[in-house]
Amino acid sequence: MGLQQSDALDVERIREDFPILEREVGDGRPLVYLDNGATTQTPDRVVDAISEYYRTYNANVHRGIHQLSQEASIAYEEAHDAVADFVGADGREEIVFTKNTTEAENLVAYSWGLNELGPGDEVVLTEMEHHSSFVTWQQIAERAGADVKYIPVTDEGTLDMDAAADLVTDDTAMVSAVHVSNTLGTVNPARELADLAHDHDAYVFLDGAQAVPTRPVDVAAIDADFYAFSAHKMAGPTGIGALYGKEEILEEMEPYLYGGGMIRKVSFDETTWNDLPWKFEAGTPSIAQAVGFAEAVEYLEDIGMESVKRHEEHLAAYALDRMAEFDDIEVYGPDDPTDRGGLVSFNLDGVHAHDLASITNDHGVAIRAGDHCTQPLHDKLGVAATARASFYVYNTTDEIDVLLDAMDDARELFA
Ligand code: PLP
């Protein structure tokens, strides 16, 4: 297969970092991996860093005097620095390692929400929230006696910011919004949402699960109070993600989990908390994953996040153009590829998304089918499921052509 390059990245070179892409699947087809919105593949460098940790300095952190523990502790702490740098945080105090984006949402909802929200308070979400934010805030607001409101999505697949200006009021305590939608691809106006929240003395939480992997993100420039993302969607391992929080806010918050590592002093009468970020990292953390996370961040920095973004836009533009050739393909989300991340959700007339994904799988093409953890948004779109192709640094326009060819097969089968 000849590789179509975007001008942004040397994709042929990058593909060498991911041996999994040489796999054949199904009946011997080359793997075309277009499910990066769910999880991305892991470059050798990251696998090697994790392997080196286990082979040469595996030990528990923060506790040992011995050399291995010290080496592991330094690597674990420096991983916080690397991730902090990557998103423009002030330092490791502002980066809490969590299991994933979902846990970061829950940390803030339980620790801040359950303590601070009450009757009369409002949490403002968007209609395009992932369940990790939608369900979490819905449930915590209910327990706290607070109300939830939703910023509507327009027919173009963007947030209705005029409606948002009316919905966010002095009763609003939290605005929680997805930065890049995992279903529509929409890039939401993060700074505008933050300003709107702050004008009413509310906090803003941005779900960056699809944004941090695909574009430069600067939490300080956005003025986010909280910002969450997952390593496994950005060339890193599963089992680790990050919560960014402004230091002064994290300082004020109660711990989320109690136990070892998060304490300063424990007595029969009382317990005091460790410094940030350790106050929020109870128990033995994901040390190997943190090492892999830091390596992934350095890998992406070496490629350059501006280039990653241009490549994503290039692939999204190509996919949108190709799909526009067919009357029987409905695409969801903004038309302009510069207004969206590198993913396209769509349906093929007369073919259920699950059947489509099964047929593309026969062609070696891995796409997602279902509600992508955005059931309320799918209700609004009036469909139970969509198919989703999502791209990363190693994908090519040729691979999008393979997807479109596989869809021809689906047409024939279901005609
Ligand atoms: N938010 C968005 C926008 C996502 O796309 C996802 C994952 O698909 C999540 C949150 C949840 O991420 P995780 O499963 O890593 O917690």
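The notes below cover the pocket, the cavities and a sheet.

This is a predicted model: local features need pLDDT of at least 70, side-chain atom pairs count only at pLDDT 80 or more, and totals for chains, interfaces and linings use all residues. Residues are numbered from 1 along each chain as its sequence is written, and side-chain values use heavy atoms, with hydrogens and water left out.

**Largest pocket**

- The largest pocket has a volume of about 330 Å³.
- A pocket is an open set of points on a 1 Å grid over the protein atoms alone, with protein on both sides within 12 Å along at least five of seven lines; lining residues have an atom within 4 Å of a point.
- A volume is the space filled by probe spheres set on the points, which are joined across faces, edges and corners.
- The lining has 23 residues, and G37, H130, N182, K233 and C373 lie nearest the pocket centre.
- Helix 4 (101-116) and strand 16 (368-370) are the elements that give two or more residues to this lining.
- Helices (H or I, at least four residues) and strands (E, at least two) are DSSP runs, numbered from the N terminus.
- Strand 16 gives the largest share, three residues.
- By class, the pocket lining has six nonpolar, twelve polar and five charged residues.
- Ala, Val, Leu, Ile, Met, Phe, Trp, Tyr, Cys and Pro count as nonpolar, Asp, Glu, Lys and Arg as charged, and the others, Gly among them, as polar.
- Domain 1 (11-39 + 305-414) and domain 2 (47-302) each supply at least three residues to the pocket lining; the bounds come from an automatic or database domain assignment.

**Cavities**

- The whole structure holds two cavities of 30 Å³ or more; in a cavity a 1.4 Å probe fits but cannot get out.
- The largest cavity contains about 80 Å³ of space.
- Its lining has 15 residues, with G37, Q210, T214, E312 and F391 nearest the centre.
- Domain 1 and domain 2 each give at least three residues to the lining of the largest cavity.
- The second largest cavity has a volume of about 40 Å³.
- Residues lining the second largest cavity include R63, W278 and E281.

- Four strands form an open antiparallel sheet in the order 13-14-17-16; strands pair if DSSP finds at least two bridges between them.
- Strand 13 (329-332) and strand 16 are the edge strands.
- Strand 14 (residues 343-348) and strand 17 (residues 386-390) pair over four bridges.
- F346 stands opposite A387 in strand 17.
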